[in-house]
Amino acid sequence: MLKEFIAQKTFMLPPKASIRIIVDTIEYCTKEVPRWNSISISGYHIREAGATAVQELAFTLADGIAYVVAAIERGLNVDDFAPRLSFFFDSHIDFFEEIAKFRAARRMWAKIMRERFMAKNPRSWMLRFHTQTAGCSLTAQQPYNNVVRTAYQALAAVLGGTQSLHTNSLDETYAIPTEEAVTIALRTQQILAEETGVANTIDPLAGSYFVETLTHQMEEQAWEYIRKIDEMGGMVAAVERGYPQAEIAESAYKYQKQIDSSEKVIVGVNKYATDHSPITIWRMKPEIEQRQLKRLQEVKQTRNNPKVKESLQQIRKASQDGGNLMPHLVNAAREYATIQEICDVWIDVFGRYTDPGYF
Amino acid sequence: MGRKIRILVAKPGLDGHDRGAKVIARGFRDAGFEVIYTGLHQTPEQIAAAAIQEDVDGIGLSSLAGAHDYLFPRVIELLKEKGAEDIVVFGGGIIPEEDILALKQIGVKAIFTPGTPIEEAVKWVRENIKPRK
């Protein structure tokens with residue numbers, strides 16, 4: 001959720017209300033849905049917004065720290081919920097920097113859980129993560145080069161120890177992928193997993209003088225950021241004063257200047273920029289929207305509308321008075337209340353967060 | 001030396017991808033233009049109103065979520081209704097080649113697609129947008 005304010009921007013409610021709902025989710029899952037990963041603490045979007053690798057690492061872990069603090073403040077035992085926290089990172093094009101970043105993340109989180117939060121369960125120390133290859137590194141020019149970039153990025157993620165992987169399609173900068181493009185992205189993973197053998201060894205680059213040095217450096221730099229954020233009062237406070245957002249805007253601008261000056265090479269864009277044939281892109285059929293609207297109408301007509309109203313009222317009351325919202329959300333969902341209807345209650349109770357528009 | 005060129009950089013619709021808009025806004029500011037950035041989640045009505053209130057010479061619309069073919073024409077329509085069609089409208093983001101022609105036909109003067117260097121956009125603004133007064 002914190003990454004929404006920092007990067008992805010699909011926020012709705014103000015930070016403190018958002019954190020309350022997050023903790024409700026973690027609390028509920030810990031008790032009622034114990035094998036569900038209660039949250040995906042994300043760096044991907046932070047990186048895509050223009051953060052450096054160190055910023056992605058530091059801000060993600062700082063977000064994680066904020067959630068753990070909030071859950072402990074709620075009264076939860078760290079070893080009860082920490083094993084089901086999960087993470088989500090970007091895999092960008094600087095191969096060894098990314099591997100070092102993943103390794104640093106795993107080592108730092110284990111330290112944070114053991115030393116800062118006194119977690120005793122070894123499963124609490126594990127940083128389990130999903131990785132997506134970097135959409136922002138892909139180009140509209142010579143789109144087939146993106147198949148190669150994605151393959152290298154996927155390899156870095158596996159060598160860095162990811163549990164789960166998404167590979168982007170070659171037409172990433174154009175549209176939602178075509179069937180052909182997404183199949184190549186899938187085959188990229190299958191070749192990696194089933195032909196190369198790289199997934200058969202845990203941390204195969206451990207002991208490499210270069211990778212260990214990079215890992216150490218990334219860790220040092222990331223601790224600096226975390227220290228700064230701690231001094232501000234934690235990530236919620238840092239977000240409220242615009243700190244990570246400003247850092248990211250700065251990094252994004254710097255990065256673009258490096259590309260524009262050719263200090264950073266982007267093959268096909270500022271070097272080897274030969275023409276390419278146009279590719280077929282996916283286009284949405286307008287009937288899809290009509291079909292969904294029709295479905296929505298039918299549901300609203302055939303559901304038990306008094307029960308929906310009552311369930312929304314229960315959500316409103318719990319939102320105002322306190323108490324875990326999840327049982328009420330589950331109940332509302334069972335009655336076919338819509339997401340919009342639930343959100344309207346929350347916007348009314350908590351207020352709508354608006355983008356401060358830093359640049 | 002006349003007054004500086006004033007540009008509104010705007011994010012219409014629900015699209016939260018603001019990296020490019022912010023980089024361009026900053027690039028324009030460094031190039032010496034006066035820049036107002038609307039922030040996210042603007043309706044076409046809000047954009048047209050802001051453009052007129054801020055007395056800008058040009059509007060840069062950013063869209064990466066596919067709604068450009070509704071949102072961009074709507075902004076132009078509103079500017080026309082309010083007698084401000086001399087404000088130059090240009091755009092950027094993820095916009096398919098086929099859509100660019102249609103947008104230009106309804107009055108979007110330029111579309112900047114992925115890979116555009118900041119300087120290219122700056123140069124275009126300098127050459128195509130003059131202070132309205």
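## About the model

This is a predicted model, in which local features need pLDDT of at least 70, side-chain atom pairs count only at pLDDT 80 or more, and totals for chains, interfaces and linings use all residues. Residues are numbered from 1 along each chain as its sequence is written, while chains are lettered from A and ligands numbered from 1 in the order in which they are written.

## Chain B overall

Let's start with the fold. Chain B holds five helices and five strands, taken as DSSP runs numbered from the N terminus (helices H or I, at least four residues; strands E, at least two). Read from the N terminus, the order is β-α-β-α-β-α-β-α-β-α.

The C-alpha trace of chain B spans about 40 × 35 × 25 Å along its principal axes. A compact globule of 133 residues would have a radius of gyration near 14 Å, and the 13 Å of chain B agrees with that; the radius is taken over C-alpha atoms, and the globule rule is 2.2 Å times the number of residues to the power 0.38. Buried residues account for 50% of the 133 residues in chain B (buried: 20 or more other C-beta atoms within 10 Å; exposed: 12 or fewer; partly exposed: in between; C-beta atoms are placed from the backbone). Of the contacts in chain B between residues at least 6 apart in sequence, 75% join residues at least 24 apart, a contact being two C-beta atoms, placed from the backbone, within 7 Å.

## Two helix pairs in chain B

α2(B) and α3(B) pack at about 45° with axes 9 Å apart (axes are lines fitted to C-alpha atoms, for helices over the stretch in contact; angles run from 0 to 180 degrees between N-to-C directions). The two are therefore oblique (under 35 degrees is roughly parallel, over 145 roughly antiparallel, 65 to 115 roughly perpendicular, the rest oblique). On the α2(B) side, Pro44(B), Glu45(B), Ile47(B), Ala48(B) and Ala51(B) make the contact, facing Leu71(B), Arg74(B), Val75(B), Leu78(B) and Leu79(B) of α3(B). By class, that gives eight nonpolar, no polar and two charged residues (nonpolar: Ala, Val, Leu, Ile, Met, Phe, Trp, Tyr, Cys and Pro; charged: Asp, Glu, Lys and Arg; polar: the others, Gly among them).

Helix α3 (residues 68-81) of chain B also packs with helix α4 (residues 97-105) of chain B, at about 15° and with axes 10 Å apart. That angle makes α3(B) roughly parallel to α4(B). Here His68(B), Asp69(B) and Phe72(B) of α3(B) meet Asp99(B), Ala102(B) and Leu103(B) of α4(B). This contact has three nonpolar, one polar and two charged residues.

## Loop residues worth a look

Most residues other than glycine have a negative phi. His41(B), however, has a positive phi of about 60°; its place is the loop between β2 (34-37) and α2 (44-53) of chain B. His41(B) is partly exposed, with 17 other C-beta atoms within 10 Å. Asp55(B) also has a positive phi, near 55°, and sits in the loop between α2 and β3 (58-63) of chain B. Asp55(B) is partly exposed, with 15 C-beta neighbours inside 10 Å.

In chain A, Lys120(A) lies in the loop between α6 (95-116) and α7 (122-125). Lys120(A) is exposed, with 11 other C-beta atoms within 10 Å.

## Where the chains meet

The contact takes 22 residues from chain A and 20 residues from chain B. On the chain A side, helix α12 (residues 243-260) gives the most, with five residues. That side divides into eleven nonpolar, eight polar and three charged residues.
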